[in-house]
Amino acid sequence: MEWNEIDSLLEKYFNGETSLNEEQQLRDYFSTQVPAPHLQQYQSLFGYFDQAKLEECPKQLPIFRTVKPVRNRMLWWSAAASIVVLVGWSTFAFLQTTASEQSDLGTYEDPKVAFEATQKALSMLSTQVNVGIESVQYIEEYQIAKNKVFKKPVTKQQGS
């Protein structure tokens, strides 16, 4: 095979335009003949393909030996998580049903008893509101005293 023909086949090969037959011609050329000096750099490339064909894969790769225990652990973790979720949901449902059975909604049959309970609740609310109002009054007194002590300088208004 001539150098010009090999050069054109290499150009087509690197452009991705060769057929399988042309690629086989290149492999044959670089494996059987001593290539031209300017083509020797490609000999290792095509020699690699022949060498890779001869390599055999070991029967069992080491990575596959470690996969089974990991898969086994994942199975156990999934089962444990499912049990935790199930127990949590069951506990929540149980507590909700017992709470709804025990809760007194504050309904009264007798109007007088309902009126007295309402007055008692409003009295407690009024007491708490009055405490809050007293606190606000102390703050207002503090503001008045602070303004007397720290008088702000009077600024001249522009335009007057």
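**Questions on a predicted model**

Biologist: Which class of exposure describes K12: buried, partly exposed or exposed?
Modeller: This is a predicted model, and its values are computed. K12 has a relative accessible area of 29%. Buried would require under 20% and exposed over 50%, so K12 is partly exposed.

Biologist: With which residue does K12 meet in a salt bridge?
Modeller: A search of the whole structure finds one salt bridge. The two side chains meet at 2.8 Å, N to O. The partner of K12 is E22.

Biologist: How many residues apart in sequence are the parts that this pair ties together?
Modeller: K12 belongs to helix α1, whereas E22 belongs to helix α2.

Biologist: Does E22 count as buried or exposed?
Modeller: The relative accessibility of E22 is 18%. The limit for a buried residue is under 20%, so E22 counts as buried.

Biologist: What secondary structure does the protein have?
Modeller: There are zero strands in the protein. From the N terminus on, the elements run α-α-α-α-α.

Biologist: Which element has the highest mean pLDDT?
Modeller: The protein as a whole has a mean pLDDT of 77, and 78% of its residues reach 70 or more. Among the elements, the lowest mean, 72, belongs to helix α3 (residues 43-54). The highest mean, 84, belongs to residues 111-149, which form helix α5.

Biologist: Which element gives the largest share of the largest nonpolar core?
Modeller: This core has 10 residues in all, including I6, L10, Y29, F30 and F46. Two elements give two or more residues to the core, namely α1 (3-15) and α2 (20-32). The largest share, four residues, comes from α1.

Biologist: How far apart in space are L10 and Y42, C-alpha to C-alpha?
Modeller: L10 is placed in helix α1, and its relative accessible area of 5% makes it buried. In sequence, L10 and Y42 are 32 residues apart. In space, their C-alpha atoms are separated by 9.0 Å.

Biologist: What percentage of the residues in the protein is buried?
Modeller: The protein has 160 residues. L10 is one of the buried residues. The buried share of the protein is 9%.

Biologist: What is the area of the nonpolar surface patch that includes L125?
Modeller: L125 lies in helix α5 and is exposed, with a relative accessible area of 51%. The patch is made by L122, L125, V129 and I133. Its area is about 370 Å².

Biologist: How far apart are the end C-alpha atoms of residues 74-95?
Modeller: An unreviewed UniProt entry places the feature "transmembrane region" at these residues, 74-95. In the model, the span is 100% helix and 0% strand. Its end C-alpha atoms are separated by 32 Å.

Note on methods: Residues are numbered from 1 along each chain as its sequence is written. This is a predicted model: local features need pLDDT of at least 70, side-chain atom pairs count only at pLDDT 80 or more; totals for chains, interfaces and linings use all residues. Side-chain values use heavy atoms; hydrogens and water are left out. pLDDT is the predictor's confidence in each residue, from 0 to 100. UniProt positions are given in the numbering used here, feature names are shortened, and annotations may be inferred rather than shown by experiment. Patches are made of residues with over 30% relative accessible area and no salt bridge: like charges are joined within 9 Å, nonpolar side chains (Val, Leu, Ile, Met, Phe, Trp, Tyr) within 5 Å. Accessible areas come from the Shrake-Rupley method with a 1.4 Å probe; for residues, only the protein chains shown count as cover. A salt bridge is a side-chain nitrogen of Lys or Arg within 4 Å of a carboxyl oxygen of Asp or Glu. Buried means under 20% relative accessible area, exposed over 50%, partly exposed in between (1.4 Å probe, protein chains only). A nonpolar core is a set of buried Ala, Val, Leu, Ile, Met, Phe, Trp, Tyr and Cys residues joined through side-chain atoms within 4.5 Å.
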